[in-house]
Amino acid sequence: MKIATVLRDDHHTRNVDQELRKLLAQKTECPHIFIEPGGDEKPDMVFSIGGDGTMLEAVHQYGFEPFYVGIHTGHLGFYADWHPDELDDLVEALVNNEPVLAEYPIVSCHIRTKDGQSIEKWTLNEVVIRNATLSSLVVSVCINDAEFENFRGDGLIISSPSGSTAYNKAVDGALLHPSIEAIQVAEIASINNMSYRTINSALVLPKHHHVDLKISNPQIMLGLDREHAVWENVDSITCRVGANKIKFARYKKLTFWGRVRKAFIVGQE
Ligand code: NAP
């Protein structure tokens, strides 16, 4: 089995990585090849060691083929099941148990520029569109090619179900179970007065729907999970549920709603 690890950059996380490699070598019979970052080799399994942000980095590095396992070196994550104290149990489970596979939908994002470029991106958490300056973002929103609203405000977040617990939650979007194949469009500080009006509620679009965002601003700040950049001359952005999914290998019974409870209500007991 070819294995890759993606690490948060701290001492504790590097120690956990070393411990995991040692246990895998000791306890498993098949030889593992650890893939070093930056090469062409494709792993079968990727361990993300760090936080949810580390998992975002891992999935953008290795894409849709491998299975992902998350070890959290901070608080319990939405993408990370295992605590560093449980590495023995994790390796035991890898050797003896069949994992439950969880496939999480992504947001597919098609960006068209005014000079005719067409760029495909995808995100596991969300696409964020904000104006590049402090003035309002102005966007004409169409759903399934029909005019819906003219948005004016700070920005829009188009999130996946697993991204719904991240930035989307901070703007009062709904939390969606990752088995629901949908995207959610949520507003950041929309202007609603006698001149401008938006729906001012988060919208959940099913798999066969899409949203087109026609941009008026000459520059926007575009966030694609961890990647943030100023984009010039974006004409429009289309978002829909992506055709691919990210595959997680689950060896533990942790429910999505259990994670939500631990993350936002009771903390880790
Ligand atoms: P960051 O600003 O350093 O951390 C953002 C926080 O979001 C971290 O605590 C991270 O958890 C957590 N997070 C990431 N994905 C999550 C998910 N699916 N559900 C619940 N929490 C999640 O940024 P980062 O580490 O590079 O992560 C990028 C993400 O930050 C973006 O995708 C966006 O969702 C989020 N963000 C949130 C806000 C907000 O809530 N106001 C603003 C900007 C960006 P870990 O500590 O476990 O890594």
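## A walk through the helices, strands and loops

Let us start with a pair of helices: α1 (residues 11-27) packs with α3 (residues 87-96) at an angle of about 40°, their axes lying 10 Å apart. Here helices (H or I, at least four residues) and strands (E, at least two) are DSSP runs, numbered from the N terminus. The axes are lines fitted to C-alpha atoms, for helices over the stretch in contact, and angles run from 0 to 180 degrees between N-to-C directions. This is a predicted model, in which local features need pLDDT of at least 70, side-chain atom pairs count only at pLDDT 80 or more, and totals for chains, interfaces and linings use all residues. Residues are numbered from 1 along each chain as its sequence is written, and side-chain values use heavy atoms, with hydrogens and water left out.

Two packed helices are described by the angle between their axes and the distance between the axes. For this pair, the angle makes α1 and α3 oblique to each other; angles under 35 degrees count as roughly parallel, over 145 as roughly antiparallel, 65 to 115 as roughly perpendicular and the rest as oblique. The crossing of α1 and α3 is right-handed, a term used if the near helix is turned clockwise from the far one by less than a right angle. On the α1 side, the contact (heavy atoms within 4.5 Å) is made by Val16, Glu19, Leu20, Leu23, Leu24 and Lys27, and on the α3 side by Leu87, Asp88, Leu90, Val91, Glu92, Leu94 and Val95. Sorted by type, the residues of this contact are 9 nonpolar, no polar and 4 charged. In this scheme Ala, Val, Leu, Ile, Met, Phe, Trp, Tyr, Cys and Pro count as nonpolar, Asp, Glu, Lys and Arg as charged, and the others, Gly among them, as polar.

Ile71 has 0% relative accessibility and counts as buried; buried means under 20% relative accessible area, exposed over 50%, and partly exposed in between (1.4 Å probe, protein chains only). Not counting residues up to four places away in sequence, Ile71 touches a set of residues that includes Val16, Leu20, Leu87 and Leu90, along with Phe47, Trp82 and His83. Ile71 and Gln117 are 46 residues apart along the chain, and their C-alpha atoms are separated by 39 Å.

Next comes helix α2 (residues 52-62), in which Asp52, Thr54, Met55, Leu56, Ala58, Val59 and Tyr62 are buried. The cover over these buried residues includes β1 (2-7), β3 (45-50), β4 (67-72), β6 and β15. Just after α2, Gly63 takes a positive phi of about 75°.

Helix α5 (residues 256-266) has Phe256, Arg259 and Val260 buried. Seen down the axis of α5, these buried residues fall within an arc of 100°, so they line one face of the helix; the arc is that of the directions from the helix axis to the C-beta atoms. They pack against β15 (234-250).

Strand β5 holds Ser108, which counts as buried at 17% relative accessibility. Leaving aside neighbours within four places in sequence, Ser108 is in contact with Lys121, Trp122, Thr238, Cys239, Arg240, Val241 and Gly242.

Now for the loops. Lys114 lies between β5 (100-113) and β6 (118-123) and is partly exposed, with a relative accessible area of 48%. Its contacts beyond four places in sequence are Ile215, Asn217, Asn233, Val234 and Asp235. Lys114 and Asn125 are 11 residues apart in sequence and 27 Å apart in space, C-alpha to C-alpha.

Asn233 itself sits in the loop between β14 (227-232) and β15, where it is partly exposed at a relative accessible area of 39%. Most residues other than glycine have a negative phi, and most peptide bonds are trans. Asn233, however, has a positive phi near 55°, and Asp172 has a positive phi near 70°. Asp172 lies in the loop between α4 (167-170) and β10 (182-190) and is exposed, with a relative accessible area of 72%.

Our last stop is Pro218, in the loop between β12 (211-215) and β13 (219-224). At 59% relative accessibility, Pro218 counts as exposed. Beyond its neighbours within four places in sequence, Pro218 is in contact with Trp231, Glu232 and Asn233. The C-alpha atoms of Pro218 and Val234, 16 residues apart along the chain, are separated by 7.2 Å.
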